[in-house]
Amino acid sequence: GHTVVLDGVRISPISWRQTVDHVMTELDAGRGGLLLTANVDIMYQLSQPESGDLADKANVVVADGMPLVWASHLQGTPLPERVTGADLVWHLSEEAAVQGRRVFLLGAGPGVAERAGAEFVRQNPGLQIVGTDCPPEGFESDEQYMTGLLDRLQAAAPDLVFVALGFPKQERVALQLLEHLPKTWFMGCGGALDMAAG
Ligand code: UDP
């Protein structure tokens with residue numbers, strides 16, 4: 001689809017509703033992907049060599065912050081609205097409950113993903129939280145841990161994985177897992193599970 005280029009990053013000019021619909025349509029088509037919610041801080045990091053590749057590797061980038069929406073208007077290529085990870089975890093959970101999609105929560109501190117999951121289910125009865133995983137420090141370079149995690153994910157067979165590991169770790173880990181779970185959608189959600197857990 002068409003994109004708005006902001007500071008060299010291609011952003012999808014879509015609403016949160018269209019973002020949710022896109023992910024669900026992709027799932028219907030048997031395709032997974034990575035959804036990147038880029039705020040101002042992340043946009044800066046995407047302009048640096050260490051993380052620059054992530055903007056291109058993500059299947060969809062949305063604008064997580066009003067400054068990005070304002071900037072898009074100033075340059076004459078308006079984005080319709082801000083689309084935040086903190087909101088998307090709720091909107092995607094709601095649609096997942098409606099459609100019977102399976103959700104897995106990865107990352108955040110001990111107990112946080114379980115509590116966030118319980119909140120998502122409380123708001124959206126029938127939602128299937130098919131697993132949570134709270135990885136220890138340094139897990140991403142621990143081959144044994146990554147293999148175990150991949151096994152647990154493959155057994156859980158999620159449609160959606162919310163990854164709360166902070167940018168850019170959450171996107172790097174998601175891309176690694178996506179290679180083995182090509183029909184699953186991953187979204188880096190930063191502190192959204194902490195917020196949902198209360
Ligand atoms: N986090 C984690 N493991 C890590 C780094 C971060 O589980 O190695 C979690 C952290 O507990 C929090 C989430 O990642 O739940 C978001 O972290 P941060 O606030 O740094 O990310 P941001 O919201 O700024 O992208």
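Guide: Let us begin with Val-103, which stands opposite Ile-129 in β6. The model is a predicted one, in which local features need pLDDT of at least 70 and side-chain atom pairs count only at pLDDT 80 or more, while totals for chains, interfaces and linings use all residues. Residues are numbered from 1 along each chain, as its sequence is written.

Visitor: How do you know that β5 and β6 pair?

Guide: Two strands pair if DSSP finds at least two bridges between them. Strand β5 (residues 102-107) and β6 share five bridges in the parallel sense, so by that definition they are paired. Strands here are DSSP runs of E with at least two residues, helices are runs of H or I with at least four, and both are numbered from the N terminus.

Visitor: What is the order of the strands in the open sheet?

Guide: Its six strands follow the order β4-β3-β8-β7-β5-β6, with parallel pairing.

Visitor: What makes β4 and β6 stand at the edges?

Guide: β4 (60-63) and β6 (128-133) each have a single partner strand, so one side of each lacks a neighbour in the sheet. Neighbouring strands are turned by 20 degrees against each other on average, direction ignored.

Visitor: Which strands does helix α1 touch?

Guide: Helix α1 (residues 16-28) packs on the sheet and touches β3 (33-38), β4 and β8 (185-188). Contact means that the C-beta atoms of two residues, placed from the backbone, lie within 7 Å. Helix α8 (residues 169-180) also packs on the sheet, touching β3, β5, β7 (160-164) and β8.

Visitor: Why are α1 and α5 called oblique to each other?

Guide: The axes of α1 and helix α5 (residues 85-99) come within 10 Å and cross at roughly 45 degrees. Axes are lines fitted to C-alpha atoms, for helices over the stretch in contact, and angles run from 0 to 180 degrees between N-to-C directions. Angles under 35 degrees count as roughly parallel, over 145 as roughly antiparallel, 65 to 115 as roughly perpendicular and the rest as oblique. α1 and α5 are therefore oblique.

Visitor: Which residues of α1 make the contact with α5?

Guide: Trp-16, Thr-19, Val-20, Val-23 and Met-24 of α1 make the contact, with residues of α5 including Leu-88 and His-91.

Visitor: Where is Pro-168 found?

Guide: Pro-168 is in the loop between β7 and α8. The peptide bond from Phe-167 to Pro-168 is cis, with omega near 0 degrees.
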